[in-house]
Structure formats: structure tokens, C-alpha cells
Protein chains: 2
Amino acid sequence: MMIGILGGGQLGRMIALAGVPMGMKFRVLDPAPSPPAIVAAEHILGEYEDHAALADFVAGLDVITYEFENVPVAAARWLAERVPVYPPPVALEAAQDRLAEKTFFQQLDVPTPKFQAVDTRTDLDAAVRVIGLPAVVKTRRFGYDGKGQMALRTIDDVETAWERLGGRPLIYEQLVPFDREVSLIAARGVNGQVVYYPLIENVHVEGILRQSIAPASDLTLQSLAEDYVRRALIQLDYVGVLAVEFFQVGQQLLVNEMAPRVHNSGHWTIEGAATSQFANHVRAISGLPLGETRTPCPAAMVNAIGTLPDAEAVLRIPGTSFHDYGKSPRPNRKVGHITVTAPDLAVLDERLKAIGAHSFHIRTICRPRLPGGDEKK
Amino acid sequence: MMIGILGGGQLGRMIALAGVPMGMKFRVLDPAPSPPAIVAAEHILGEYEDHAALADFVAGLDVITYEFENVPVAAARWLAERVPVYPPPVALEAAQDRLAEKTFFQQLDVPTPKFQAVDTRTDLDAAVRVIGLPAVVKTRRFGYDGKGQMALRTIDDVETAWERLGGRPLIYEQLVPFDREVSLIAARGVNGQVVYYPLIENVHVEGILRQSIAPASDLTLQSLAEDYVRRALIQLDYVGVLAVEFFQVGQQLLVNEMAPRVHNSGHWTIEGAATSQFANHVRAISGLPLGETRTPCPAAMVNAIGTLPDAEAVLRIPGTSFHDYGKSPRPNRKVGHITVTAPDLAVLDERLKAIGAHSFHIRTICRPRLPGGDEKK
């Protein structure tokens with residue numbers, strides 16, 4: 001089977017590396033001359049909206065997927081007329097616009113922070129009155145990693161926010177005083193089979209490691225997250241891996257956003273789960289049965305931002321795996337990650353300290369699901 | 001780091017697929033036009049004794065390894081004058097000749113079946129008198145998978161054996177009435193760090209699945225095997241993965257043979273162990289610390305011989321992983337393998353039955369080591 005991937009970054013690389021052992025072949029379309037995925041994939045050099053490049057790319061493919069959610073929807077639709085594109089382009093549309101995304105979940109009766117569309121200064125003032133402060137104003141499209149957004153604490157911030165972001169389609173969102181951020185990664189097959197990984201706790205750290213780790217996920221929270229994600233999967237007739245990020249407030253979960261692709265918060269599944277998110281994505285889009293998401297040990301993932309740590313120093317710590325995406329160092333660039341597994345959370349924490357996890361920006365911690373919660377369909 | 005592999009078959013492929021995520025680059029030398037490893041490695045097309053090809057191959061490499069033990073020793077030595085070759089060529093020499101191999105272990109005080117060199121018909125008659133029957137006569141070099149050997153049950157077989165095999169350097173070995181065949185896979189780093197995987201039980205099946213599975217390895221047997229293998233590793237100043245096959249007779253272990261490379265009986269480690277044999281081989285030869293060999297669940301590996309089974313049917317069984325080496329089907333050719341993991345041996349056996357393991361030729365079963373036996377150095 002020949003699989004095409006729009007985008008040849010580290011996510012495309014890890015998808016290909018998961019599929020090659022199963023005998024799959026890969027081709028990526030990417031405008032960069034030497035993207036990370038070429039270690040295990042053919043490369044078509046071209047822009048995503050260039051029809052000649054798209055035609056070269058699609059020739060001989062059995063199925064197409066993508067590794068980033070800002071794929072031009074028109075290109076995805078053009079390809080989908082020729083070869084199946086999974087996840088379906090409708091999922092791209094829902095994920096590319098923060099207003100469409102939150103409206104989508106609202107229509108499924110899945111809680112989100114309160115939100116309101118803002119196109120004019122008058123809209124902004126109205127949103128401040130209706131939703132109140134604190135809040136966050138975000139551009140609806142092409143925002144990521146905190147870019148294109150601004151938090152509003154007091155009424156004085158309103159004017160500044162408008163100066164910085166006004167004129168583009170915006171969304172005004174209630175700033176939720178969350179206990180923690182968690183994500184759920186699910187995969188759905190062509191025939192409707194669904195598997196879920198355990199809830200993942202995502203700790204955003206700047207400079208100093210936050211030692212405060214909330215209690216392990218209970219089955220109630222896991223079931224709640226699965227219920228919410230299941231609604232989205234069915235509504236979109238989804239195929240592939242879907243990641244949904246939530247704010248946890250007490251025992252309530254509010255959707256922050258979704259990513260219709262494999263997700264950074266699921267990288268630990270390569271070593272930490274019976275089947276990785278990448279292998280399950282490949283299995284899903286190629287019509288194969290999905291694999292077990294069993295997670296025998298707690299696992300953590302630490303992103304390497306800007307530069308890679310020393311492999312020798314990292315691998316000296318038991319339970320570590322080292323991932324180098326083959327990218328040149330650059331500030332704020334994700335150039336690799338480290339997975340840490342351990343028999344229990346105390347040892348996991350020791351190992352995280354030993355690799356100096358405080359020097360990295362993002363830390364994801366997965367806890368194994370409690371007994372009885374495994375392998376739901 | 002740029003790693004060269006002599007041979008681009010499925011073992012080279014799995015070595016490269018284990019190293020690429022760590023940022024390693026690979027180049028294989030292989031006389032076949034499109035060997036399995038090219039999915040993740042550059043390919044130099046050439047014979048192993050062609051100095052022009054060897055010169056092309058070695059240019060820019062940091063370290064060289066090999067994926068089969070019949071690499072010409074002269075080529076390995078020529079390369080080793082230019083770039084480190086691991087495992088060391090002396091290990092190749094010991095492994096390529098059955099007489100040298102058994103003599104090597106004998107000198108280390110490691111038990112083997114009784115053996116004697118046979119160069120002439122007179123030698124053969126002498127060996128029959130001294131060692132007795134039943135026995136097996138083998139060519140000393142280039143035998144594998146039962147080729148180049150013949151079992152002798154009665155005195156009448158002696159003449160037939162001489163007719164078939166005589167004239168080449170032979171070895172006469174006592175035919176040991178073993179309880180089972182087991183193998184131990186170890187890895188040793190440049191700095192002398194050693195890790196061992198749990199003992200693996202290898203069941204050779206023809207047509208019908210043998211349901212008789214001997215009791216799980218105890219720590220005594222594991223320690224005995226580790227002690228024997230440690231002696232070989234130290235004597236050879238070994239770097240990389242070494243596999244040693246034993247006959248188990250009661251609580252005694254007799255060395256059958258060794259392979260100075262990653263081994264078919266260790267393929268289950270990709271899914272079944274914290275660090276695969278392939279990742280540990282790459283870590284060893286590139287001077288990195290070795291990874292944990294922890295094996296949380298029992299695992300089995302089933303070779304696909306001749307043709308691949310249907311991926312969809314296999315992956316429908318929980319706990320299975322499908323490996324397709326990208327080779328065209330051919331009788332008696334290893335074209336892929338399936339790994340099965342399970343929470344316990346009873347479930348493992350059910351799953352093996354479900355994938356129809358009796359239609360495959362070789363089945364390897366790994367049992368997790370008993371508590372307290374993990375992570376010895």
C-alpha cells in the first residue's frame with residue numbers, strides 16, 4: 001500500500017516509521033527541500049496549492065493523510081476526488097477555524113469555555129459585557145502555540161487587544177480557571193472501530209519544572225472524555241487519529257481545541273503503549289483493524305525545544321528513549337523528544353529530574369488507565 | 001552518526017528502523033539490487049569482496065556492523081583498519097567455523113555437545129567410536145537452517161553421511177536428547193556495559209503446532225546462561241548484540257551455536273521489551289548507553305515463511321504486530337514475522353492459535369523474567 005502524507009515534518013516522519021515495518025510505502029508532499037520524513041518516504045517538493053505538485057503527489061497513491069491541520073481545504077478536497085483522504089476534509093474545516101470548532105462541539109452538547117465571535121470593535125465590547133473578564137481574544141485561524149492571541153485581565157487590556165489583533169476574524173473566549181490541561185487521543189477505523197488512549201496530562205513549563213501533579217485520572221473522567229470525543233468522531237465519520245485538548249475544572253471537562261491528526265501529546269505511545277498513535281493512525285487509514293492502547297507503565301514525554309540534549313547523558317538514565325527529528329537547531333523549534341517510562345510515578349519523577357526535564361518547555365505525562373478501563377471499543 | 005551495515009536484508013532493515021528515530025543515518029552494502037533495508041538506508045550495490053565497492057561503502061562512515069555471520073573476514077578486517085567494525089571481526093571468525101566455535105566455548109569452560117573434527121573417512125570412524133551414536137555430521141562452514149548436515153542414527157548411516165558430505169571439513173557432534181532449545185540474547189557496549197534479555201524458548205514446528213511448552217525459565221537457568229554468555233563477551237571484547245543458542249537438558253545448558261549479530265529469536269523485543277535488540281545493537285555500536293531489557297508481558301514471535309499471511313486477519317487478533325520485510329514470496333524464504341503479546345501465557349496461547357501459528361515454521365516464545373531477575377549488569 002502506498003500512502004501519501006501532506007507535510008513531511010516530524011509527525012510525517014513518525015507516521016512513516018510506524019508504517020514501513022508493516023510493509024507500507026510513503027510519499028510526502030512538502031515545500032521544504034529536505035523535510036524530516038524523507039528518511040523513510042519519497043518526497044515531492046512543492047506547495048500544497050500547486051496543482052502540478054498535487055498531481056505528481058497523488059499518482060499511484062492508495063490513501064492520503066496529513067500531518068498538520070492548516071492543509072488548504074481546497075487541496076484536500078481536490079485530492080479526495082481522486083483518492084480517499086483521511087481524516088475527512090470536513091474535519092480540517094472544523095479544526096481550522098476556532099469559531100467553527102467551538103460551535104461544532106457546542107452543537108454536539110460538549111462543554112467548551114464560553115465564546116463569542118468578534119469581527120468589529122463593537123462585537124468586542126459586547127463580548128466583554130456578556131462573557132466578562134478574564135478572557136482571551138484569539139484569531140480564528142492559523143494560531144498555534146500561543147501565537148495570535150492575547151489574555152485580557154482588566155478592562156484596560158481591551159483597547160490593547162484590539163490594536164494588536166483587530167481587523168481579522170476573532171473569537172472571544174472565557175479564560176477558564178482550570179485545574180490542569182488534559183488531552184484524549186482516539187483512533188477510528190474505516191469500519192467504525194474506535195480505540196482510546198488514557199487521558200494525558202499536559203504540563204506547560206517555562207524554565208522551572210512544576211512538581212505539582214494532579215491525582216491520576218479516574219475512570220469517570222476517562223469515560224467522560226471518551227463520550228465527548230466519540231460524539232465528534234461519529235459526527236465527522238472520522239477515520240484516523242484525533243486529539244482533543246480539554247481544560248479540567250473539578251470533574252468537568254471543557255474542550256479547548258481539537259487536532260485532526262497525530263498529536264505531540266501522544267508521542268509517548270511509541271514506547272509507552274502496546275500500539276503507538278502512529279501505528280494506529282496508519283492502521284486506521286489503510287483499513288486495518290486497530291491495535292490495543294494498553295499502557296502498562298506510566299510514561300512521560302519531554303519535548304526538546306531549540307536544541308537537542310546530549311543523547312549519551314539522556315540514555316544513561318534507565319527507561320529513556322531518544323528521538324532526533326534530524327532538524328537543524330533553531331530557537332523555539334521542536335527538534336526532538338525524549339520518552340521516559342518507569343514502573344511507577346515516583347520513579348518516573350526521579351528519572352524526569354535526572355534528565356533535567358525543567359530545561360524543556362512542554363512535558364506530557366500519561367498515567368496508565370485504572371484496571372477495567374482498558375480496551376473499550 | 002553514519003552507520004554502515006554489511007548486508008541489507010530484514011535484519012539490516014530492522015537495525016536501520018531502530019536507529020533512524022535516534023537521528024542515525026544508515027548505508028548498506030548488498031549485492032542485491034533492492035534489498036529490504038533500503039526503506040531507511042542508502043544502498044551501495046556491490047559484492048562484499050569487491051574493494052571498489054568496499055571503498056565506496058566506507059567513505060564517511062563512523063562505525064560499521066553486519067547483519068549476517070558469513071561476511072568475509074578479510075573484508076571485515078580491511079574495513080576495520082579504516083573505521084571501527086562491531087562486533088569485532090574475531091567474533092566472525094569464531095562463528096563461521098563450527099569447530100572453532102565449539103572449541104572457543106570449550107576453552108571458556110562452557111559445556112557443548114561432545115564434538116570432534118572430521119577431515120577424512122578414518123576421522124569419521126574414529127569419531128563414531130569415541131562419541132558414539134546418535135550423532136550429527138555437519139560441514140564446518142556456511143551451514144544454516146539444517147543445511148549441510150545429516151543425523152546418524154545407526155552405523156549404516158555413516159557411509160551415507162560420508163558420501164553426502166565427505167571431502168569438506170566436517171565436525172561430528174553428539175546428538176543431544178534435549179528438553180528444549182533456548183537462546184540468550186545479550187548486548188555489550190563499548191565501555192563494557194552488558195544487558196541480557198530473558199531466555200527465549202525456540203519451538204521448531206513442521207506443520208503442527210506443538211502445544212507442549214516447558215515450564216517458565218527460572219532464575220537459576222537464566223543466571224547460568226548469562227554466566228556462559230558473559231565469558232564469551234569478555235573473551236571477544238565484544239561490542240553489539242550476541243545471540244547464543246543452547247540445548248537445555250534438565251538444568252544443564254549446552255551451547256549449540258552463536259550468532260554475532262541481532263537474531264531471529266529476538267524479533268519479539270521490538271514490541272515485547274522496553275528496548276529492542278535492534279535499538280540496543282545501535283546503541284552499543286555507536287557508543288551510547290544500553291537500554292533496559294525489561295519484558296512486562298509474555299511475547300511470541302512467529303516467522304512468516306514463503307508467503308505473508310493476511311494482515312487484516314492477523315491484526316484483528318488483539319496484541320498482534322505485523323512485520324512485512326518487503327520481499328517477494330518464495331518457498332522457505334523468511335518474508336515477515338508476527339509478534340504477539342498478551343497479559344499471560346494462557347491468553348498468549350489463545351492468540352497464537354487464533355493467528356493459526358501452526359502454519360508457520362518457527363515459533364519463539366519469550367517469558368518475562370521472574371521478579372528480581374531484571375536489569376543485571
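The two copies meet through the same surface, because 100% of the interface residues of chain A are also interface residues in chain B. This is a predicted model, in which local features need pLDDT of at least 70 and side-chain atom pairs count only at pLDDT 80 or more, whereas totals for chains, interfaces and linings use all residues; side-chain values use heavy atoms, with hydrogens and water left out. Residues are numbered from 1 along each chain as its sequence is written, and chains are lettered from A, and ligands numbered from 1, in the order in which they are written.

**The interface**

- In contact (heavy atoms within 4.5 Å) are 28 residues of chain A and 28 residues of chain B.
- The buried area (accessible area, with a 1.4 Å probe, that two parts lose on being put together, summed over both) is about 2,300 Å² for chain A and chain B, with 58% of it on carbon and sulfur atoms.
- In chain A, the residues that lose the most area to chain B are A:Pro21, A:Pro289 and A:Leu315, which together account for 21% of what that side buries.
- Ten residue pairs, both at pLDDT 80 or more, are in polar contact between chain A and chain B, a polar contact being a pair of N or O atoms within 3.5 Å, where within protein one must be able to donate a hydrogen and the other to accept it, and residues adjacent in sequence count only if both atoms are side-chain atoms.
- On the side of chain A that touches chain B, at least two residues each come from α1 (10–19), α11 (311–315) and β15 (320–324), with helices (H or I, at least four residues) and strands (E, at least two) taken as DSSP runs numbered from the N terminus.
- β15(A) gives the most to that side, with four residues.

**Salt bridges**

- Over all chains the structure holds 33 salt bridges, each a side-chain nitrogen of Lys or Arg within 4 Å of a carboxyl oxygen of Asp or Glu, and two are found across the interface of chain A and chain B.
- A:Arg351 and B:Glu292 meet through their side chains in a salt bridge at 3.6 Å, N to O.
- B:Glu292 also forms a salt bridge with B:Arg294 at 3.3 Å, N to O; B:Glu292 is buried (under 20% relative accessible area, against over 50% for exposed and in between for partly exposed, with a 1.4 Å probe and protein chains only) at 9%, and B:Arg294 is buried at 13%.
- B:Asp119 pairs with B:Arg140 in a salt bridge whose closest N and O atoms are 2.9 Å apart; B:Asp119 is partly exposed, at 41% relative accessible area, whereas B:Arg140 is buried, at 11%.
- A network of salt bridges links A:Lys102, A:Lys138 and A:Glu173.

- In chain A, nine of the nine residues of helix α10 (residues 277–285) are buried, and α10(A) is followed by A:Gly287, whose phi is positive, near 80°.
- In chain B, the loop between α9 (269–272) and α10 (277–285) holds B:Thr275, which is buried with a relative accessible area of 8%.
- Leaving aside neighbours within four places in sequence, B:Thr275 is in contact with residues including B:Tyr197, B:Asn280, B:Arg283 and B:Glu292.
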